[in-house]
Amino acid sequence: MNVLGRELNSVLPQEMITEVRSALVNSAPPTADHERLRACMALDWFVRTWVPRWSLLVPDAGEQLASALAGLPPIRDLRTAESAGNLIMALSSGPDQTERFVAANYERDNFYDTAAVKAARQASATAVAGSAGTAVADAAASVILDESLAARTDIALKGVAALTLSHSLDSVWPYIQTWASGPGDFDAKRISIGNLAPIAAQRALDPTIEELRQEVCGLYIELGRLG
C-alpha cells in the first residue's frame, strides 16, 4: 500500500491525489494483515483492467485478448497468476514486430520520419507510466514477486509500450504529412513539427490514460479501506 502510494504520487495529477486522500481521511490505517491481499488486488487490476484497456487499441486480436483477460477469475494466488500469464504471452512478440515495422517504414535520415517516431516513442513512454501501469506492477511485485513473475507483468509492460507506440505513430503521421506539404520553408516546418508532433502523438493516448488514472484512484481507495 505504501509503495503504491509513493509511486502514484509521481504519476497522478495533484487534484487526483487530493481527492484520494480526502476519500481515505476517515479510514483505518493499513495493517500488515491484508498486505498480501492488497498486492493480489493490485496485480489483478493490472492484469484485468490496465492491460485490457490498452489492448482495445488493437482491433480484433486486442479485443479478444481484453475479453479473455477480463474474464479471468481474480488473481489471488500463484495458480490464478499463471493463468493470466499464459494469456499475456500473446503480447510477447509485439515489441519486436513493432520495431521491425518502424525500421522498415521510417528512415533515420528523414526529418519527418524521425520526428514522427520520436514523438510516438515519447507518447508511448508517457502512456505506460502515466496510466499507472508501472506503478501498480512495481507495487505488487514488492509483496508478491512470484505471482507477478507468473503473471508476466514484464511482458505486459513491454507489449503495451509496443502497441501504444504503434497507435501513436499511426495517429501522428497523417498530421506530419499535412504539415510537411503545407506552405513555408523547411526551417519553419521543422520548428512547427518539432512543437506540434509531440502534442498530436500524445493526444491519441490521452483518453485511455485519463480513464486508467480514474480507475487506479478507485483501486487505491479500495485497498486503503481494507484496513
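**Helix packing, backbone angles and salt bridges**

Mentor: Helix α10 (residues 153-181) packs against helix α11 (residues 186-203) at an angle of about 155 degrees, and their axes are 9 Å apart. The model is a predicted one.

Trainee: Which quantities describe two packed helices?

Mentor: Two packed helices are described by the angle between their axes and by the distance between the axes. An angle over 145 degrees counts as roughly antiparallel, and α10 and α11 are therefore roughly antiparallel to each other. The crossing of α10 past α11 is right-handed.

Trainee: Which residues of α10 and α11 make the contact?

Mentor: On the side of α10 they are S168, V172, Y175, I176, W179, A180 and S181. On the side of α11 they are K189, I193, L196, A197, A200, A201 and R203.

Trainee: How do the residues of this contact of α10 with α11 divide into nonpolar, polar and charged?

Mentor: The contact of α10 with α11 comprises 10 nonpolar, two polar and two charged residues.

Trainee: Let us turn to the backbone. What is the phi of D60?

Mentor: D60 is not a glycine, yet its phi is positive, at about 65 degrees. The residue is located in the loop between α3 (35-55) and α4 (61-70).

Trainee: Is D60 buried or exposed?

Mentor: D60 counts as exposed because its relative accessibility is 55%, and the cut-off for that class is over 50%.

Trainee: What can be said of R152 and its phi?

Mentor: R152, also a residue other than glycine, has a positive phi near 60 degrees. R152 belongs to the loop between α9 (145-150) and α10. With a relative accessible area of 27%, R152 is partly exposed.

Trainee: How many salt bridges does a search of the whole structure find?

Mentor: The search finds seven salt bridges. One of them joins the side chains of R38 and E35, with an N to O distance of 2.7 Å. R38 and E35 are three residues apart in helix α3, so about one helical turn separates them.

Trainee: What partner does E147 have in a salt bridge?

Mentor: E147 forms a salt bridge with R36, and the closest N and O atoms are 2.7 Å apart. Since E147 lies in helix α9 and R36 in helix α3, the pair ties together parts that are 111 residues apart in sequence. E147 counts as buried at 8% relative accessibility, while R36 counts as partly exposed at 40%.

Trainee: Where do E215 and R53 lie, and how are they linked?

Mentor: The side chains of E215 and R53 meet in a salt bridge of 3.1 Å, N to O. This pair links distant parts of the chain, with E215 in helix α12 (residues 206-224) and R53 in helix α3, 162 residues apart. E215 is partly exposed, with a relative accessible area of 34%, and R53 is partly exposed, with 22%.

Key. Residues numbered from 1 in each chain as written. Predicted model: local features only at pLDDT ≥ 70, side-chain atom pairs only at ≥ 80, totals over all residues. Heavy atoms only, no water. Axes fitted to C-alpha atoms, helices over the stretch in contact; angles between N-to-C directions. Helix = DSSP H or I, 4+ residues; strand = E, 2+ residues; numbered from the N terminus. Parallel < 35°, antiparallel > 145°, perpendicular 65-115°, else oblique. Left-handed = near helix turned anticlockwise from the far one by under 90°. Contact = heavy atoms within 4.5 Å. Nonpolar A, V, L, I, M, F, W, Y, C, P; charged D, E, K, R; others polar. Buried < 20%, exposed > 50% of the residue type's maximum accessible area, 1.4 Å probe, protein only. Salt bridge = Lys/Arg side-chain N within 4 Å of Asp/Glu carboxyl O.
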